[in-house]
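Please examine the sequence and the structure before reading on.

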Number of protein chains: 2
Amino acid sequence: MSGFREFERGHSTWGNLEKVGPMGMSADPSPRPAVTRADVARYAGVSTAVVSYVVNDRPNKVAPATETRVREAIRLLGYRPNGAARALKLGSTEMLGLVIPDSTNPFFAELSHAIEDAANELGYALLLTNSNGSIATERKHVQNLSSRRVDGLLLASVEPHPDLGRFTESGIPAVLLNRNEPLPGSTSIGVDLVQGARTAVEHLIGHDHTDIDLVMGANPVAPIDGREKGWRHTLAERGLPEGVVYRGEFSRRGGYDAGQRLVASRRRPTAVLASSDTQAVGVLRALHEAGLHVPQDIALVSFDASQESEYAWPALTAVRQPIHEMARAAVEKLLKPGESGDEEHTVFPTEMLIRRSCGCTPAP
Amino acid sequence: MSGFREFERGHSTWGNLEKVGPMGMSADPSPRPAVTRADVARYAGVSTAVVSYVVNDRPNKVAPATETRVREAIRLLGYRPNGAARALKLGSTEMLGLVIPDSTNPFFAELSHAIEDAANELGYALLLTNSNGSIATERKHVQNLSSRRVDGLLLASVEPHPDLGRFTESGIPAVLLNRNEPLPGSTSIGVDLVQGARTAVEHLIGHDHTDIDLVMGANPVAPIDGREKGWRHTLAERGLPEGVVYRGEFSRRGGYDAGQRLVASRRRPTAVLASSDTQAVGVLRALHEAGLHVPQDIALVSFDASQESEYAWPALTAVRQPIHEMARAAVEKLLKPGESGDEEHTVFPTEMLIRRSCGCTPAP
DNA sequence: ATGAAAGCGCTAACAC
DNA sequence: GTGTTAGCGCTTTCAT
């Protein structure tokens, strides 16, 4: 037996990489059999444990010479660790799940990109799903991600009260994205929309506007959106007339429709606050089509400050959400609970980016 | 023993879901132990195999009464199949990997969304990664996805000749996205950019333009981009003077820079073809800033026809890539080889969407 | 510093 | 129609 073992474990060339079927028939040639850690171990003349130690640099030390041999075997055989097996053993897939309404929307596109970066940095991959605004689809995705055993869930829900009970019960941490208010029992992050709207309206008032309307997306998450609240309160505080709210989808189209109604209204405002860039872009189109000039005829301020808003004509003055900070915070809440603040709800401040559409800078 | 077995396998209430540590100490209470199929089987008084049959509706038939009992147990215990274990056993993760340069770019945002839909439809989840234009990052992601054992890879590479050898050797199918030409040994899809540019330039010529310049992104994939080729050839064929090429990044910023150079040039064209919407949007800004009117002073046609281009001012006439068809085709090539055409390289036709920027419609 | 071996939770061939 | 069971490839404890 000793001779056999010598052969098996020696450094002899690897004569037959192809595995053979259980019956001795050669296997289907197209998908060649995966190289496992056993192959590597045999080739390098070590045990499978040592291969693990080398691959993971953990938990035992390995002699330099052995390590070299193992690495060489890995390279030569083209070995790739099997993530599924590892996940099963460790109970961790090193994947995060993300559910957003629409990755095509610039705000969510930028947010999800930032989340991917933050997750990657910590060694996690991102399973990305779109709910397309549908509660049913959202639930399906959450369920699916749960079954796939993601190590954490990031959810920009379209439900006012997403029921994560079933989910978190399973021990998977979750954080709610894009939230206005705390939701008891959940971890969430959001932005101070009220203050953001306040700043925007104050700014418009500073430009001597007194008729300031609002183009508002239908926020499925909160009965009264923070942007609407801040706008309304600021107007009231300053003793200005109530503005009118044009409601529509959170999209260019929704903004365009609202803009057309606004243009046609008998009492046209001199300034408009839009609840997202995409809507503002739609409003802009309606205004242009009506031959109205921004900011001369109507001033415009929007939310989000995505790249698109910078290249609108005129460039949009906008309330920026700190997307990267939010993404990082969300991922860290998920992966390092206790390190960052452990509040239920974390609110981020906004920042107003002054560009052309508010009237600060004369048109070129 | 028989009594014990009765108890074990009977329908008695489930007294103690909490597992206990190996030492008899109660386990850390926070992450409660996962419910496995064994728990379900015990609770329902069946074998684990039957639970599998019910969950997968396969491969054996199950008596209706048994099925009901199993489903009830699943519901009550909150059982979720463990994807990692399933993947290990089946050798399939039911996940697809996608690598794109930038999910924030409208074109890739729309493409990846469409791919997600197509994948979902077939029961696959999407692992999304951004290379951010970096070859090193792209390779890292490909390697990582390979290790995670995705069932297929969709790659919009930033390399002219991505080396998928290592990857496909492992038996994972891959398809290259956004490709101009076939790459020997690879499956790829793309659009007929030459024809698209041809159509655009012909259209501009139809508007009596003779000076047609090109704002071109640096295409890392092909030495001469199809758009450039089509533009150049059409100009030559029609006996028109060679236009000038303004090169820059595939971004709003890149288009803006190019636009500024174009505006400042001594021989300003009367029409411009832009190689992407984002660039066209940048050009538009430069033109606006220079007080130039589109299409009166300069006509503009772009590639992609993303939503953003529809809401630019003026709305951009653009060459549309059939994103949904391409996404579906890519996923099917991956998952059902042989069903759809098995060509190495599939080329999709483009379609020109006439809007305002070319001069077809008078400005409102 | 290295190796043997026990599972992680699931599927499906096979036996009944 | 249902049960038994052998792994899938990996990590890690414990022994050497």
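In chain A, the loop between β4 (174–176) and β5 (187–191) contains A:N178. Helices (H or I, at least four residues) and strands (E, at least two) are DSSP runs, numbered from the N terminus. The structure is a predicted model, in which local features need pLDDT of at least 70, side-chain atom pairs count only at pLDDT 80 or more, and totals for chains, interfaces and linings use all residues. Residues are numbered from 1 along each chain as its sequence is written, while chains are lettered from A and ligands numbered from 1 in the order in which they are written.

A:N178 is not a glycine, yet its phi is positive, near 60 degrees. A:N178 is buried, since 21 other C-beta atoms lie within 10 Å; the term buried requires 20 or more other C-beta atoms within 10 Å of the residue's own, exposed requires 12 or fewer, and partly exposed covers the range in between, with C-beta atoms placed from the backbone.

A positive phi, about 55 degrees, is also found at A:E94, which is not a glycine. A:E94 belongs to the loop between α5 (83–90) and β1 (95–100) of chain A. A:E94 counts as partly exposed because it has 17 C-beta neighbours inside 10 Å.

| Cis peptide bond | Omega |
|---|---|
| A:V294 to A:P295 | near 5 degrees |
| A:W313 to A:P314 | about -5 degrees |

A:P295 is situated in the loop between α12 (277–289) and β9 (299–304) of chain A. A:P314 is placed in the loop between α13 (307–310) and β10 (317–320) of chain A.
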